[in-house]
Amino acid sequence: MDVDVVAAEVASAVGLAEGPAGVRDVLRVISRAEPVATREVSRLAGLPVPIVAAVCNELRKRGMVDKTRPARLTPQARAVLAAPAAGHLHGECPACAGSGVAVPTALEPLAARLDRVAAGGPGAKLELDQTHCTVGTKLRRVLRMHEAGALAGQRVILLGDDDLICLAIGAFTALAGPAARPRRLAVVDCDPDLLGYLGEQLAGEAGVDLIDHDLRQPLPARLAGEFDVACTDPPYTPAGAELFLSRAVSALAAGTGRHVFFSFGARRPEETLSTQRLIADMRLTVRSLVPGFNSYAGAGILAGTSHLYHLRTTMQSRPAVTGHYPGPLYTADTRAAVTRPYRCAGCGAVHQVGPGARWNVIADLKAAGCPGCHGTVLRPLALGTGGARAAR
């Protein structure tokens with residue numbers, strides 16, 4: 001059993017953009033955490049759930065991963081990888097699970113309150129890429145801001161707030177005391193249901209400004225250059241990252257050291273590079289990056305997690321987008337404009353799905369079955385991948 005050969009074969013079979021290294025990441029996670037669910041492998045390896053499932057299936061064919069679920073190595077693979085079945089050594093902090101923020105027990109009553117508030121809020125709107133973060137994530141974000149000096153006395157703007165972070169800030173500062181409160185807190189969102197709910201929850205509280213505004217348009221003049229801290233959890237598309245980060249920079253006052261808290265999920269290597277280049281092009285510096293910091297309910301394809309970037313401005317910081325943005329923004333918009341290859345698990349044929357292809361959406365192809373073998377198990381390949389076998 002040659003691990004290098006297996007990793008190369010599996011990466012080719014799945015069309016993995018991360019290549020053999022991505023397969024090795026999956027094996028490493030399984031070896032350290034077995035038995036481990038696909039969703040958890042996805043979170044720890046930084047790969048989408050469907051891709052991890054496809055990699056594991058290919059590893060099962062090659063005798064590396066046991067056929068049972070949750071995923072675990074076969075004895076042969078364990079011997080080759082020298083992976084202990086249990087009790088392995090690792091350096092992950094048991095208190096914060098690698099997030100760098102441990103929620104103190106004193107905040108447990110606050111967590112219960114936020115749980116009730118979140119349960120009563122409007123449902124997530126998938127067309128707006130809304131995916132609500134967990135209560136633990138709300139608390140960790142606020143604590144991270146507090147410890148960075150990005151709350152007390154600061155002017156804070158939230159660009160999109162379906163995660164109800166403004167309510168978490170209010171609850172936290174009520175507990176921590178007046179000295180911890182922001183000097184100004186503004187929420188910009190285009191969802192009237194969300195803004196209505198926030199208004200109900202904030203009734204009677206001074207100092208919170210709710211603004212109904214679509215960020216495809218430039219910020220209103222009264223918001224531009226007026227803040228010290230910007231927080232955003234944008235649509236998980238390259239366009240979403242560029243637009244929301246641009247509006248964040250536009251909202252911040254000129255000068256060095258303003259804060260941007262930017263949540264964004266794991267992407268393919270080329271898209272990750274594009275995001276990091278975008279940060280550099282806007283002349284922002286990375287103060288910290290915590291993989292998997294945010295956890296969400298219902299974001300299955302991304303394993304329900306995203307990274308938290310803490311960025312700081314420089315004297316040269318500038319937005320990439322300044323005017324009206326007319327292009328596709330949300331996942332559904334982007335998906336509608338893209339053709340993606342899928343490989344049939346039965347016969348290996350690759351079929352294109354999307355605008356102009358024989359099948360407009362993957363559900364159509366699954367309903368019809370693979371033309372070659374009538375199989376209905378179709379695995380997504382990386383964009384631009386032709387696959388080893390052409391569609392019949």
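Accessible areas come from the Shrake-Rupley method with a 1.4 Å probe, and for residues only the protein chains shown count as cover. On this basis, the protein chain has an accessible surface of about 17,400 Å², with 54% of it belonging to carbon and sulfur atoms. The model is a predicted one, in which local features need pLDDT of at least 70 and side-chain atom pairs count only at pLDDT 80 or more, while totals for chains, interfaces and linings use all residues. Residues are numbered from 1 along each chain as its sequence is written, and side-chain values use heavy atoms, with hydrogens and water left out.

For an overall view, the protein chain holds 13 helices and 10 strands; these are DSSP runs numbered from the N terminus, with helices (H or I) of at least four residues and strands (E) of at least two. The radius of gyration is 23 Å, close to the 21 Å from the globule rule for 392 residues, so the chain is as compact as a globular protein of that length. This radius is taken over C-alpha atoms, and the rule is 2.2 Å times the number of residues to the power 0.38. Along its principal axes, the C-alpha trace spans about 65 × 50 × 40 Å.

Turning to the interior, 46% of the 392 residues are buried (under 20% relative accessible area; exposed is over 50% and partly exposed in between, with a 1.4 Å probe and protein chains only). A nonpolar core is a set of buried Ala, Val, Leu, Ile, Met, Phe, Trp, Tyr and Cys residues joined through side-chain atoms within 4.5 Å. The largest such core has 35 residues, of which I157, L245, F262 and L311 touch the most other members. Two or more residues each come from β1 (155–159), β2 (184–189), α10 (238–251), β5 (259–264), α11 (269–281) and β7 (305–313). The most come from α10, which gives 8 residues. Leaving aside residues up to four places away in sequence, L245 touches G240, V260, F262, L278, I279, M282, L284 and L311, where contact means heavy atoms within 4.5 Å.

The backbone has some local features to look for. The peptide bond from E34 to P35 is cis, with omega near -10°, and P35 lies in the loop between α2 (19–33) and α3 (38–45). Although not a glycine, R283 has a positive phi of about 60°; R283 sits in the loop between α11 and β6 (284–295).
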